[in-house]
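Dear colleague,

My notes on it follow directly after.

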Amino acid sequence: MNIRKINAAEITEAVKKMFMDMNYYIGSDILTALNKAEQTETSDTAKSVLAQLIENHKIASEEEVPICQDTGMAVLFVEYGQNIVIENGSFEEAVQEGVRRAYIDGYLRKSVVSDPVFDRINTKDNTPAVIYTEIVPGDQIKILGGCKGFGSENMSAVKMLTPSAGIEGVKQFIYDTVKYAGPNPCPPIVVGIGIGGTFEKAAMLAKKATLRPIDTDNSDERYAALEKKLLDGINQMGYGPAGLGGKTTAIGVNIETFPTHIAGMPVAVNICCHAARHKEITI
Amino acid sequence: MKKKITLPLTDEVIKDLHAGDTVLITGTMLTGRDAAHKRLYELLQKGEELPVEIQGEVIYYVGPAPAKPGHAAGPAGPTSSYRMDKYAPSLLDRGLKGMIGKGARSSEVVDSMVKNGAVYFGAVGGAAALISKSIKKIETLAYEDLGTEAIYRFTVEDFPAIVVIDSYGKSALVQ
């Protein structure tokens, strides 16, 4: 077996670039959807809001400034190849340093507080990032990252449905969550849905679903069909861009699933704003 | 049709603003979000002096990103307004005339707006880089320790907004 050595500084640099890039340059999946929505909408207000969002992406990418002032809390899903040894530092600290450097050097907003209830003191460097690491075969590190704004994060929910609720129960909970969110999470939204696993696994799947490009479908055609049905259903609610009315309340619905217990059917809905910033890198 | 309005807002201008109107705002406004509102609210509860005068002012719910060198302002779009709902009626009673944010407000806030003759504007959430073009100057007024959550004074020219809830309590949001 070959051991691959990676310098911690290389990881820091890659993570830094990843977070700066995702904050300045929106993915082509989102931009395509916004352009299409602008064509589809008929009201002046909805068209005007979408035109502002498209113009905003142009300014952000040209001037290399953040798309949104809420540059989020950094979340990373890591697949770490087990043949890798990190030199000159720890993997965890190398990643945190990359996030720290991105937020300081990249003029991103520092939005993380040290303690959730009592102190709430800004850490001034947007760390710690939330990191989920999975050990996989091989000698590569794959990182799927997002910077999650909290206007939409606050509108998310988990429910422990039971098997008798069926697909109708799943759909109802998703629609209820989107309705409750209404105009608050910066529609048009991306809806990440996690179904199955345990309480926390469903939530992690939902988060991961928000990071999947919206021009891709679930590989199981039954869930792919459900994604389309939910997108249509949500767009019939009429909230529209900025909640001021229109046909585009969501631009994407992504579902991720996992096997679950005989007694359960957990469902998590992670709502993401239209500035759905995500990026994947391989080291 | 975009209405051009200047700050501070007069009662006449406020009465002439209707839900759904598109406006371009010029003048100076305060900023404040969760942490600053909590502090202002607690001072009002205790009957103590505020570090900034809010009478006649408009407050923008925003925590700006830092400005790059050579830029007057960093990206500065609105944050969700409902988180300020607990505090807003006290500020409106104290003479606040307008709020800028995004999303829905509670019925308590709407009632207080009608009672006090105030208006709630919406800026487009997520259009932060675009909005920053209309911000010409940023000064820190209070609570510098809060970082992005401090109270700033923004000088703006043609800041794009929509009247979301007018002083009559009518809303442009889809319910």
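I begin with helix α4 (residues 107–116) of chain B, in which V109(B), V110(B), S112(B), M113(B) and N116(B) are buried. These residues lie on the same side of α4(B), because they cover an arc of only 165° around the axis. An α-helix has 3.6 residues a turn, so residues three or four places apart point the same way. Please bear in mind that the model is a predicted one.

The face of α4(B) turned away from the buried side carries E108(B), D111(B) and K115(B), which are exposed. The packing partners of the buried residues of α4(B) are α3 (88–93), β4 (98–101), β5 (119–122) and β7 (151–165), again of chain B. After α4(B) comes G117(B), which has a positive phi, near 65°.

Is T148(B) buried or exposed? With a relative accessible area of 11%, T148(B) counts as buried, because the cut-off for that term is under 20%. Apart from its neighbours within four places in sequence, T148(B) is in contact with R109(A) and K110(A) of chain A, and with V62(B), G63(B) and P64(B) of chain B. Between the C-alpha atoms of T148(B) and A104(B), which are 44 residues apart along the chain, the separation is 23 Å.

In chain A, strand β1 (residues 4–7) pairs with β3(A) in the parallel sense, over four bridges. Within this pairing, I86(A) in β3(A) is the bridge partner of I6(A). Strand β3(A) spans residues 84–87 and has two faces: I84(A) and I86(A) form the covered one, while V85(A) and E87(A) form the uncovered one.

The largest pocket has a volume of about 970 Å³. Its lining comprises 33 residues, of which V113(A), R120(A), R33(B), D34(B) and E149(B) are the closest to the centre. Both α5 (150–153) of chain A and α2 (34–46) of chain B supply at least two residues each to this lining. Which element gives the most to the lining of the largest pocket? That element is α2(B), with five residues. Sorted by class, the lining of the largest pocket holds 15 charged, 11 nonpolar and seven polar residues.

With kind regards

Methods
Residues are numbered from 1 along each chain as its sequence is written. Chains are lettered from A and ligands numbered from 1 in the order in which they are written. This is a predicted model: local features need pLDDT of at least 70, side-chain atom pairs count only at pLDDT 80 or more; totals for chains, interfaces and linings use all residues. Side-chain values use heavy atoms; hydrogens and water are left out. Buried means under 20% relative accessible area, exposed over 50%, partly exposed in between (1.4 Å probe, protein chains only). Two strands pair if DSSP finds at least two bridges between them. The arc is that of the directions from the helix axis to the C-beta atoms. Contact means heavy atoms within 4.5 Å. On a 1 Å grid over the protein atoms alone, a cavity is a set of points where a 1.4 Å probe fits but cannot get out, and a pocket is an open set with protein on both sides within 12 Å along at least five of seven lines; lining residues have an atom within 4 Å of a point. Grid points are joined across faces, edges and corners, and a volume is the space filled by probe spheres set on the points. Ala, Val, Leu, Ile, Met, Phe, Trp, Tyr, Cys and Pro count as nonpolar, Asp, Glu, Lys and Arg as charged, and the others, Gly among them, as polar.
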